[in-house]
Amino acid sequence: MENFVGDLNLKKYEDYISVFDALSHPARIKITGILAQGRQYVSELARLANISRPLLYMHLKKLEAARLVTSAMEISKSGKAMKYYRLEDFRIQVTKELLDGLSQSILLEPPARPPAELPGRAEKPETEEPETEESETEGKE
């Protein structure tokens with residue numbers, strides 16, 4: 001079984017990351033649930049999701065980037081431009097085999113080294129020999 005979103009067959013881990021990221025917020029899952037029932041006009045979608053239109057547009061932008069939703073402008077009978085959104089068809093089955101296969105092509109960067117010095121604290125260079133009691137008393141006799 002192939003996983004797909006709209007006309008995109010999901011093959012690379014980057015494809016999956018985009019979809020997983022888009023579905024990683026409760027508001028976006030709510031929006032997709034509403035759109036699963038049918039296309040919606042933006043104002044009605046904002047009302048049904050109980051979020052502001054600016055916030056709705058932010059979430060829709062993320063869903064569009066992942067190709068989960070598409071939009072279309074239409075002119076109403078009164079001549080008003082109306083933007084509608086609809087949910088694309090998709091099928092995603094996540095299995096341990098899928099995750100294993102995707103993980104094979106991921107190269108993670110090693111963690112960044114912590115800064116050698118923190119403000120107000122100087123660290124001794126590693127090449128310096130530790131002081132001993134003898135070295136402290138040598139010049140005092």
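User: How many bridges pair strand β4 with β5, and in which sense do they run?

Analyst: Happy to start there, keeping in mind that this is a predicted model. Strand β4 covers residues 69-75, and β5 covers residues 81-87.

User: Which residue takes a positive phi in the hairpin of β4 and β5?

Analyst: Good one to look for in the turn. The hairpin has five residues between the strands. The positive phi there is near 90°, and the residue that takes it is G79.

User: In what order do the strands of the open sheet come?

Analyst: Let's begin with β1, residues 4-5, which two bridges join to β2 in an antiparallel run; here F4 stands opposite N9. The edge strands, each pairing on one side only, are β2 (8-9) and β6 (90-91). With three strands and antiparallel pairing, the order is β2-β1-β6.

User: Why does F20 count as partly exposed?

Analyst: F20 sits in helix α1, residues 13-22, and together with V94 and L99 makes a nonpolar surface patch of about 250 Å². Partly exposed covers values between the buried limit of under 20% and the exposed limit of over 50%. F20 counts as partly exposed because its relative accessibility is 36%.

Conventions
Residues numbered from 1 in each chain as written. Predicted model: local features only at pLDDT ≥ 70, side-chain atom pairs only at ≥ 80, totals over all residues. Heavy atoms only, no water. Pairing = 2+ DSSP bridges. Helix = DSSP H or I, 4+ residues; strand = E, 2+ residues; numbered from the N terminus. Patch = residues over 30% accessible without salt bridge, like charges linked within 9 Å, V, L, I, M, F, W, Y side chains within 5 Å. Areas by Shrake-Rupley, 256 points an atom, 1.4 Å probe, with all protein chains shown as cover. Salt bridge = Lys/Arg side-chain N within 4 Å of Asp/Glu carboxyl O. Buried < 20%, exposed > 50% of the residue type's maximum accessible area, 1.4 Å probe, protein only.
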